[in-house]
Amino acid sequence: MSAIGRVESVWRYPVKSMRGEKLPEIFAGFSGVWGDRLFAFKSSATPVGFPYLTGREAHEMLLYRPRFRHPEKAAKPVNLAEAEQLSPLLNPVAADPADFALDVETPSGEVLAIGDPALLRQLAERAMTDCRPISLFSLQTARQLGGELGSVLDKRRFRANVYLDLENVGGFSENTFVGHKVRIGCKAVISVLERDPRCQMITLDPDTAVTNPEVLRKVARGHDGTAGVYGAVLAEGVIRVDDPVEVLD
C-alpha cells in the first residue's frame, strides 16, 4: 500500500462541547480515542434521544478548558508497551477511573473538578458519560469551505480527532473512505462508516464562541450537511503526528 497523506494533528475532547486539546499522539481503542468525550452534561431541556448539553445551547462551553490531572495515565493504557512486547494481538488493560480524574478551567480562570457542584451550577446540569466515536477531517476540506465562504476557516470548528493532510486531492476527498478501511501509522486500522452530519457547533469560533451561521448554511446547501467522516476502530494503536495514511481496500 502507498500512503495517500499524513496526519497533520491529533486532538481529543475530554468533555463534550468544551475546548479540545492538541496532543503529539492519541491511542485509538475499540471504544474510540482514549479519554475522548469521557464526560458530558445531561440537559433536561434537550431531546430524550440526545439528552446532552452542548455548545448549540450554551456557546460559552467552548471557553471551558478540561485537563486531566494525570496526563501520562490518561494518554494511553498504562501497560500498552508491555502488552505489545508480548504480542501485537494482545489488548491492553482497561483504564482505572482514577486515571481520568479531570479538572476544568472556567473562562474566569477558576479551576474546578469535573464533579464540583460549583461547576455544575455554572452549567446548571449534571455529569453523564457519552460514547466516543473517532472522527477524521482533512485540511483540504477546511480550505475548500473557507474558499467557498471567502475567508480562512479554522479547522478546529470541526472538532475532529484526526486532521489529515491528503496528497493531490481537493476538499471532501475523505468522503471516498466511507465503506473502506484506513490504516493510520503502523497499527491503527479504522473502518470508515459514514460522513459526519454537521450541526450548529461548526458555526462557533473556537476561541471566542462567536457564531457564524453561514458556515453551517454552506455545508447544508453545498455538501449535503456533512463534512468529514466517522469511523470505528478495528485494530487498536497509537496515532501520531506525521503518521502515514493508507486505504487498505
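Is Tyr52 buried or exposed, and what is its relative accessible area? Tyr52 has a relative accessible area of 11% and is buried (under 20%; exposed is over 50% and partly exposed in between, with a 1.4 Å probe and protein chains only).

The model is predicted: local features need pLDDT of at least 70, side-chain atom pairs count only at pLDDT 80 or more, and totals for chains, interfaces and linings use all residues. Residues are numbered from 1 along each chain as its sequence is written, and side-chain values use heavy atoms, with hydrogens and water left out.

**View A. Trp34 and Phe100 form a tilted aromatic pair.** The whole structure holds 7 aromatic pairs (rings of Phe, Tyr and Trp, the last by its six-membered ring, with centres within 6.5 Å; planes under 30 degrees apart are stacked, over 60 edge-to-face, the rest tilted). In this one the centres are 5.9 Å apart and the planes stand at 55 degrees. Trp34 is in the loop between strand S4 (32–33) and strand S5 (40–42), and Phe100 in the loop between helix H2 (80–86) and strand S8 (102–105), so the pair ties together parts 66 residues apart in sequence. Helices (H or I, at least four residues) and strands (E, at least two) are DSSP runs numbered from the N terminus. Trp34 is buried at 15% relative accessibility, as is Phe100 at 10%.

**View B. Phe50 and Tyr52 form an edge-to-face pair.** Their ring centres lie 5.1 Å apart, with 85 degrees between the planes. Phe50 is partly exposed, at 32% relative accessibility.

**View C. An aromatic cluster comprises Trp11, Phe137, Phe158 and Tyr163.** The charged end of Lys155 sits over the ring of Tyr163, 5.2 Å from the ring centre (NZ of Lys or CZ of Arg within 6 Å of the centre and within 35 degrees of the ring normal).

**View D. Arg198 lies in the loop between strand S14 (188–197) and helix H5 (213–222).** Arg198 is buried, at 17% relative accessibility. Its side chain makes a polar contact of 3.2 Å with that of Asp196 (N or O atoms within 3.5 Å; within protein, one must be able to donate a hydrogen and the other to accept it, and residues adjacent in sequence count only if both atoms are side-chain atoms). Beyond neighbours within four places in sequence, the contacts of Arg198 include Phe137, Phe158 and Leu216 (heavy atoms within 4.5 Å).
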